[in-house]
Amino acid sequence: MAVREILLLGNEDLYSISSEISPEQIEKAKRISIDLHDTMLDFKEKYRFGRAIAAPQIGEFWRIIYMNWANHPYVLVNPRLQFGEEQFEVWDDCMSFPGLEVKLKRYKKTTISYKDLEWNECALEFENDLSELIQHEYDHLDGILAVQKALDSKSFRINRLKAGCY
Ligand SMILES: [Zn+2]
């Protein structure tokens, strides 16, 4: 168990494409998910936001997303996303650039299929802000950051609270 360093915007490694976990690597996935949990909790204490984190953000280039939703932790291994048709505009944030918000478009509805840590096939459906969140985390697995999806060059703003300025 460890709080890991979160890679920050500008670190080229954030653009890496992460690899799938094989069933033989599930113990590694468990260790990474514990570090993701610890790291997110530590971040949340400092910055007061953060509901999900992707493994590449702590330098583990594996297709794992950790999220905490309604006080329940979820570990999503090898996730696959399906979208509805409708999109919406939203201000997105990221633990890799705390304080910077980016306006972009996301799909309103998402279905995510994944393996859990027992290698069961699972699926969750999300709408609105949670749909946005899961698309954001999924993008990290493909080395895509929210800043790359900004609607235009003015779609950026600083949120003082999320930057840790209280
Ligand atoms: Zn992020």
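**View 1. The buried residues of helix α1 pack against β1, β2 and β3.** Packing here means contact, with heavy atoms within 4.5 Å. Helices (H or I, at least four residues) and strands (E, at least two) are DSSP runs, numbered from the N terminus. The model is predicted: local features need pLDDT of at least 70, side-chain atom pairs count only at pLDDT 80 or more, and totals for chains, interfaces and linings use all residues. Residues are numbered from 1 along each chain as its sequence is written, and side-chain values use heavy atoms, with hydrogens and water left out. The buried residues of α1 are I26, A29, I32, S33, D35, L36, D38, T39, M40 and F43; buried means under 20% relative accessible area, exposed over 50%, and partly exposed in between (1.4 Å probe, protein chains only).

**View 2. Helix α1 covers residues 26–47 and lies across β1, β2 and β3.** The helix runs at about 45 degrees to β2. Axes are lines fitted to C-alpha atoms, for helices over the stretch in contact, and angles run from 0 to 180 degrees between N-to-C directions. The end C-alpha atoms of α1 are 31 Å apart, which agrees with the 32 Å that its 22 residues should span. The expected span is 1.5 Å times one less than the number of residues. After α1 comes R48, with a positive phi near 60 degrees.

**View 3. An open sheet is formed by five strands in the order β1-β2-β3-β6-β7, with antiparallel pairing.** Two strands pair if DSSP finds at least two bridges between them. β1 (52–54) and β7 (121–127) stand at the edges with a single partner strand each, so one side of each has no neighbour in the sheet. From one strand to the next, the twist averages 40 degrees.

**View 4. Strands β2 (residues 64–69) and β3 (residues 72–83) pair in the antiparallel sense over six bridges.** N68 stands opposite P73 in β3. Helix α2 (residues 128–141) packs on the sheet and touches β1, β2, β3, β6 (109–115) and β7. The direction of α2 makes about 160 degrees with that of β2.

**View 5. The protein donors of the zinc ion are C94 (SG), H136 (NE2) and H140 (NE2).** They lie 2.1 to 2.3 Å from the ion. Donors are N, O and S atoms within 2.8 Å of the metal (3.2 Å for Na, K and Ca); water is not among the atoms, so sites may look incomplete. C94 lies in the loop between β4 (87–92) and β5 (100–107) and H140 in helix α2, so the pair ties together parts 46 residues apart in sequence. C94 is buried, at 3% relative accessible area, and H140 is buried at 2%.
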